[in-house]
Amino acid sequence: FKIEMELNSIEAIKNAVHSGLGAAFVSVSAISKELELGMLYWAKIQGITIKRTLSILINSKKYHSNATSIFKEEMLEMFSTNFKNTF
């Protein structure tokens, strides 16, 4: 791939692609509204797998609500094959 530009926000990337400046790799969840409206389209590239590291950041010295604990546990369970629970 030849990278022509780097942008620092999802909105800037979406605007650039919508304006016809090229294509981009973004999360489908970041463009769900645009996909529904037919403003942007996605294509699967055969033979290419893109991986990225996701992290859960929690301040261990602060109080965590029940919702925060449930969210953390759900995410850890969902992605448990990719990383170990170190919290």
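Student: What makes E11 count as partly exposed?
Tutor: Its relative accessibility is 46%. Buried means under 20% relative accessible area, exposed over 50%, and partly exposed in between (1.4 Å probe, protein chains only). E11 at 46% therefore counts as partly exposed.

Student: What kind of model is this, and how are residues numbered?
Tutor: It is a predicted model, where local features need pLDDT of at least 70, side-chain atom pairs count only at pLDDT 80 or more, and totals for chains, interfaces and linings use all residues. Residues are numbered from 1 along each chain as its sequence is written, and side-chain values use heavy atoms, with hydrogens and water left out.

Student: How many helices and strands does the protein have?
Tutor: Three helices and zero strands. Along the sequence the pattern reads α-α-α. Helices (H or I, at least four residues) and strands (E, at least two) are DSSP runs, numbered from the N terminus.

Student: Why is K14 called buried?
Tutor: Its relative accessible area is 8%. The cut-off for buried is under 20%, so K14 is buried. K14 sits in helix α1.

Student: Which residues does K14 touch?
Tutor: A30, I31, E34 and L40, leaving aside residues up to four places away in sequence. Contact means heavy atoms within 4.5 Å.

Student: What makes K14 and E11 a salt bridge?
Tutor: A salt bridge needs a side-chain nitrogen of Lys or Arg within 4 Å of a carboxyl oxygen of Asp or Glu. The closest N and O atoms of K14 and E11 are 2.9 Å apart. That is within 4 Å, so the pair qualifies.

Student: Where do K14 and E11 stand relative to each other in helix α1?
Tutor: They are three residues apart, so about one helical turn separates them. An α-helix has 3.6 residues a turn, so residues three or four places apart point the same way.

Student: How do you know that E34 and K14 form a salt bridge?
Tutor: Their N to O distance is 3.0 Å, so the pair meets the 4 Å rule. This pair links distant parts of the chain: E34 is in helix α2, K14 is in helix α1, and they are 20 residues apart. E34 and K14 are both buried.

Student: What makes the K14 and E34 side chains a polar contact?
Tutor: A polar contact is a pair of N or O atoms within 3.5 Å; within protein, one must be able to donate a hydrogen and the other to accept it, and residues adjacent in sequence count only if both atoms are side-chain atoms. K14 and E34 make a polar contact at 3.0 Å.

Student: Which residues are linked in a network of salt bridges?
Tutor: E11, K14 and E34. By the rule, the count of salt bridges comes to three. One of them joins E73 and K72, at 3.8 Å from N to O.

Student: Is K72 buried or exposed?
Tutor: K72 is at 17% relative accessibility, so it counts as buried. Its place is helix α3. E73, at 39%, counts as partly exposed.

Student: How do you know that the buried residues of α1 line one face?
Tutor: In helix α1 (residues 10–18), I13, K14 and A16 are buried. Down the axis of α1, its buried residues fall within an arc of 165°, so they line one face of the helix. The arc is that of the directions from the helix axis to the C-beta atoms. These buried residues pack against α2.

Student: What follows α1?
Tutor: G20, whose phi is positive, near 90°.

Student: Why is I50 called exposed?
Tutor: Its relative accessible area is 54%, which is over 50%, so I50 is exposed. I50 lies in the loop between α2 (32–37) and α3 (66–78).

Student: Which residues form the nonpolar surface patch?
Tutor: F25, I45, I48 and I50, with about 380 Å² of accessible area together. Patches are made of residues with over 30% relative accessible area and no salt bridge; like charges are joined within 9 Å, nonpolar side chains (Val, Leu, Ile, Met, Phe, Trp, Tyr) within 5 Å. Accessible areas come from the Shrake-Rupley method with a 1.4 Å probe; for residues, only the protein chains shown count as cover.

Student: What share of the 87 residues counts as buried?
Tutor: 11%.
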